[in-house]
Amino acid sequence: MQGRPGEVILRCIGYRAAPTSVAMRVRSIEPGEYEAAAQLTLRAYLAGVGAPEGYRPQLLDVSGRLAFSEVLVAENDEGRLVGTVTYVPGPNTPESEFDDPEAAGMRMLAVEPALQGQGIGRALVDACNTRARAAGRRR
C-alpha cells in the first residue's frame, strides 16, 4: 500500500478470538466521504455506547465539525472507510470539551462494528496523538 504525503500507513495486528491483520491508512477525510463517515459513526455508536436521538444530529454532522476540527478516517486496502475520529486541535472550539490551553482532544471515535478489536481505533487515536505532538500540545 503506497501512501500520500501526510498519511499514516499502518499494519495493525489485533486479537479477538484469533489474531487478525488489517491493512489500512489513516488520513484526513475527503469531501465525497462525509456521508459514509457519518453513517459509519452512527452505526458504531448504535452498536456500542448508544446514540440518543438528541445526539444523532451531531454524530451525523461531519461537515460542521470540519469548521473547527479535523476529521480523520481509516481506510482499508480496498478503499473502504472502516473508522473515523474527530481531532480537536485545542480549546475554545464547539467540539472542545476542555479548556486546557496545552491540550488537544478527540471526539466521536468510531470503528465499523464488525471490525472492532483489530487495531483500527488504536490507529486513529495514534494519529490524533501524532497531530497533537506536532502542534506542541502537552496533553
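1. Glu30 is partly exposed, with a relative accessible area of 33%; here buried means under 20% relative accessible area, exposed over 50%, and partly exposed in between, with a 1.4 Å probe and protein chains only. Glu30 is placed in the loop between S2 and H1. Its C-alpha atom and that of Leu72 are separated by 9.2 Å, while the two residues stand 42 residues apart along the chain.

2. A word on the basis of this note. The model is predicted, so that local features need pLDDT of at least 70 and side-chain atom pairs count only at pLDDT 80 or more, whereas totals for chains, interfaces and linings use all residues. Residues are numbered from 1 along each chain as its sequence is written, and side-chain values use heavy atoms, with hydrogens and water left out.

3. The side chain of Glu30 forms a salt bridge with that of Arg27 (3.8 Å, N to O); a salt bridge is a side-chain nitrogen of Lys or Arg within 4 Å of a carboxyl oxygen of Asp or Glu. In contrast to the partly exposed Glu30, Arg27 is buried, with a relative accessible area of 4%. Both residues belong to a network of salt bridges that links Arg25, Arg27, Glu30, Glu33 and Glu75.

4. The whole structure contains 11 salt bridges. Another of interest connects the side chains of Arg139 and Asp100 (2.6 Å, N to O). Because Arg139 lies in the segment after H4 and Asp100 in the loop between S4 and S5, the pair ties together parts that are 39 residues apart in sequence.

5. How many helices and strands does the chain have? There are four helices and five strands, where helices (H or I, at least four residues) and strands (E, at least two) are DSSP runs numbered from the N terminus. From the N terminus on, the elements follow the order β-β-α-α-α-β-β-β-α.

6. Helix H1 (residues 34-47) has 14 residues and reaches 20 Å from its first C-alpha to its last, close to the 20 Å expected at 1.5 Å a residue; the expected span is 1.5 Å times one less than the number of residues. Its buried residues include Ala37, Leu40 and Tyr45. They are covered by, among others, helix H2 (56-60), helix H3 (62-65), S4 and strand S5 (105-111).

7. The largest nonpolar core has 16 residues, and those with the most contacts inside it are Met24, Val26, Leu72, Ala74, Ile120 and Leu124. Such a core is a set of buried Ala, Val, Leu, Ile, Met, Phe, Trp, Tyr and Cys residues joined through side-chain atoms within 4.5 Å. Strand S2 (19-28), strand S3 (70-76), S4 and helix H4 (120-134) each supply at least two residues, and H4 gives the largest share, six residues. A second, separate core of 10 residues includes Ala37, Ala44, Val71 and Ala110. In soluble globular proteins, nonpolar side chains tend to be buried together.

8. Thr86, in strand S4 (residues 81-88), is buried, with a relative accessible area of 0%. Its side chain makes a polar contact with the side chain of Arg65 (2.8 Å); a polar contact is a pair of N or O atoms within 3.5 Å, and within protein one must be able to donate a hydrogen and the other to accept it, while residues adjacent in sequence count only if both atoms are side-chain atoms. Leaving aside neighbours within four places in sequence, the residues in contact with Thr86 (heavy atoms within 4.5 Å) include Arg65, Val71 and Met108.

9. Met108 is found in strand S5 and counts as buried, at 3% relative accessibility. Although Met108 is not a glycine, it has a positive phi of about 55°. Most residues other than glycine have a negative phi.

10. Lastly, the chain as a whole. Buried residues make up 42% of its 139 residues. Among contacts between residues at least 6 apart in sequence, 55% join residues at least 24 apart.
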